[in-house]
Amino acid sequence: MATRIGMEVSIAAAEAVKQANVDIIAAYPITPQTHIVEHLSELVNNGELDAEFVPVESEHSAMSVCSGSSAVGARTFTCTSSQGLALMSEIVYAVSSLRLPMLMILANRSLNSPLSIWNDHSDVMSIRDCGWIQLFVDNGQEVYDHVFIGFRVAEDRNVLTPFIINLDGFVLTHVIEPIEMLDQKVVDRYLPPYQPLYRLHPDHPVSMGCFGPPVLFTEAKKAQDEAMNKTMPYIIQGWQEFGDLTGRYYHPVETHETEEAKIIVVTQGSLGETASIAIDTMREEDEPVGLVKIRLWRPFPFEEFEEAVKGAELLVVMDRAISYGGPGGPLAGEIRSALYHQERHPRVVNFIIGLGGRDVAPDDFAQMVQQAKARPGEWYEIYGVRE
Amino acid sequence: MDTYLDRLGVYAARLVPQKEYLVPGHRACQGCAEVLALRLVAKVLGRNNIIASATGCMEIVSSPLPLTSWDVPWIHVAFENTAAVASGIEAGLKALMRKGRLPKQKITVMGMAGDGGTSDIGVQALSGAMERGHNFVYVCFDNEAYMNTGIQRSSATPFGASTTTSPAGKVVPGQTTWKKNMPEICAAHNIPYVATACPSYPFDLMEKVKKAADIEGPAYIHILSVCPTGWRLAPELAIHAGRLAVETGVFPLYEVERGKYKLSVDLPELRPVEEYLKIQGRFRHLTPELIDKIQQRVQEEYTKLKKKVQMTNEG
């Protein structure tokens, strides 16, 4: 029987990793990821989880250890944030090109400088094109569930692509929420042990990570791009089967009050929960506003997104990162290009908010919607800056 | 000098395994002593071996898609993380065997990198892996520069050597710093086995690799790998140059087994370093004063090493 327990979201994430029966965890401490790996090391040292905990000397080595362990066929987990992700990013690109499945939880945090340990999405946006499946979760239950979904999808022989769960730092990692834990039997049914297609083993020697001369490099990259695009049905299947077992269904984009909405607010991550409160209030005031949450970031859910915003005249897109000298935030840029082929597409106004842990309240959403309505054209603005 | 052949224990030429695990067809330069060293190492480690390779000469010559020279499982991820990748392989196998998902068997894990991938960019990952005590053999193929990128200096480049980033100029005569002592850095980690080797002494090299593989815990072997291209040396002189490096004391062969130092080739008298330097184009600009300076340093280092042998074997 599933049980519902109040616990810190980081602990819930670590408990899910334990229930997923991982073989290897490699990690280096970085705020606000720390509670997740601290709890995992406790579980290992108390004999509650039979896994190797490799306390590496840097995030670069964390990802490198993960590449080795995944290559021998071990179920592999790591967790990082911010500067740590930046340090490991070279290897983040390598493991997806090597098609090594693993799961990483990214406790999202801003990048230097100024030094900030608090939440925004500038870390994950720095590896947008790293070739991993990437998604955002809104709450503790979603991160708990996606540990199983992530391993299941990543290790699928038709996918073999590493998987990132983006979890907002502090505002999610460090809060206590009610979590419905799964019965171990349900987990085992959903997530059988990893059966690698290829592994490093003397019985069947293979060479991995060869060097690609110009005559073959492009073909290798095309194959990787095609493989990434083909992951979509397996992600959807993973969600569907998880929903059938637990009653909790997930989708590439999640909608709230989008029926006949003329204005749609677009968010990623935990901002969606705050936004939905604002949307409900605005709806009560007869504002035709809806909410679309982008769950899946890579592969980008083009079709599902278009369907979700169909009929809207104005999209108010929230970004938690800046593309300096670019067209605004990375999410808004993505959305504009997703809509570009339409003859008549909604106007896109982009707000960059919540940087470095700046709080975003329901009232802020109402204000941004009003501003976007009042001012014509497509533009971006860093919201709430004190001048 | 040659009497050391008489002292051979386990290995005699006829007992060396015939099977090659680095198969013919690789693309190393003529006279490359590094690929010879690698071939000997692979031979000794044999079938039950998984190799993590750094970016570098040996990765480039052995793995151009769609070809491979490897008849054992082999992986290359990046330049600086070989020891960490090997850590992951070792820890992964351990977990899978313990949990019954792989049959229990002895599989050697080897990390291999050049001098740049070891003593410069890879030293952090290597230090971490040694400190954590992973059971693996790390082999550094030291050709004393970044050779496959165009002969740039590394921290293992010897004093006075002319490279493309430490060129012998009118004001600065090549590399201005002394070679980083990587075997000593590893020995300072108190790992069970550290050794130096050179393919000019093939049986000594193979014995050390065998020992490293059998020892539980991290083992480090630093192999001087003569590079005719980078050293400006005729290809047929590679083995000779390796011999001279040992006989002049420039590259002494020794082991540090559980803290105890042992010279593999104990030389009562060293040959003058000039004999070693003069056959290499990278040193052709050296003045007699600079050669003297090198001679002095080599003698000091050799004396220091002999003292360590004496000290660690007392009582």
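Contact means heavy atoms within 4.5 Å. That term runs through this report.

## About the model

This is a predicted model, in which local features need pLDDT of at least 70 and side-chain atom pairs count only at pLDDT 80 or more, while totals for chains, interfaces and linings use all residues. Residues are numbered from 1 along each chain as its sequence is written, chains are lettered from A and ligands numbered from 1 in the order in which they are written, and side-chain values use heavy atoms, with hydrogens and water left out.

Helices and strands are DSSP runs, numbered from the N terminus: helices are H or I with at least four residues, strands E with at least two.

## Where the chains meet

Chain B puts 45 residues in contact with 42 residues of chain A. Between them, about 3400 Å² of area is buried, and carbon and sulfur atoms give 62% of that. Buried area is the accessible area (1.4 Å probe) that two parts lose on being put together, summed over both.

Six salt bridges are found across the interface of chain B and chain A. A salt bridge here is a side-chain nitrogen of Lys or Arg within 4 Å of a carboxyl oxygen of Asp or Glu. One salt bridge links A:E52 with B:R98, and its closest N and O atoms are 2.6 Å apart.

## The chain B side

Five named elements of chain B give two or more residues each to the side that touches chain A: β1 (49–53), α2 (57–62), β2 (74–76), α3 (82–98) and α5 (123–132). Of these, α3(B) gives the most, with twelve residues.

By type, the residues on this side of chain B divide into 23 nonpolar, 13 polar and nine charged. Ala, Val, Leu, Ile, Met, Phe, Trp, Tyr, Cys and Pro count as nonpolar; Asp, Glu, Lys and Arg count as charged; the others, Gly among them, count as polar.

## A sheet across two chains

Strands of a sheet pair through backbone hydrogen bonds, either parallel or antiparallel. In this model, strand β9 of chain A (residues 207–208) runs parallel to β2(B), and two bridges join them. A:S207 has B:W74 as its bridge partner in β2(B). Two strands pair if DSSP finds at least two bridges between them.

The open sheet has nine strands with mixed pairing, in the order β9(A)-β2(B)-β1(B)-β3(B)-β4(B)-β6(B)-β5(B)-β7(B)-β8(B). β9 of chain A and β8 (260–263) of chain B stand at the edges, each with a single partner strand, so one side of each has no neighbour in the sheet.

## Buried residues of chain A

Buried means under 20% relative accessible area, exposed over 50%, and partly exposed in between (1.4 Å probe, protein chains only). A:Q134 sits in strand β6 (residues 133–136) of chain A. Its relative accessible area is 0%, so A:Q134 is buried. Beyond four places in sequence, the contacts of A:Q134 include A:V124, A:I164, A:R295 and A:W297.

A:S70 belongs to helix α3 (residues 59–71) of chain A. A:S70 is buried, at 1% relative accessibility. Its contacts beyond four places in sequence are A:T76, A:L100, A:P101, A:M102 and A:Y194. A:S70 and A:I24 are 46 residues apart in sequence and 8.7 Å apart in space, C-alpha to C-alpha.

A:Q141 lies in helix α6 (residues 140–155) of chain A. A:Q141 is buried too, at 11% relative accessibility. Leaving out residues up to four places away in sequence, A:Q141 touches A:E177, A:P178, A:I179, A:E180, A:R248 and A:Y250.

## Backbone features in chain A loops

A cis peptide bond runs from A:S113 to A:P114, with omega near 0 degrees. A:P114 lies in the loop between β5 (103–108) and α5 (122–125) of chain A. A:R298 and A:P299 are also joined by a cis peptide bond, with omega about -5 degrees. The loop between β13 (296–298) and α11 (302–308) of chain A holds A:P299.

A:E257 is not a glycine, yet its phi is positive, near 60 degrees. A:E257 is in the loop between β10 (253–256) and β11 (263–267) of chain A, and is partly exposed at 38% relative accessible area. A:D286, also not a glycine, has a positive phi of about 65 degrees. A:D286 is in the loop between α10 (271–284) and β12 (289–294) of chain A, and counts as exposed at 69% relative accessibility.
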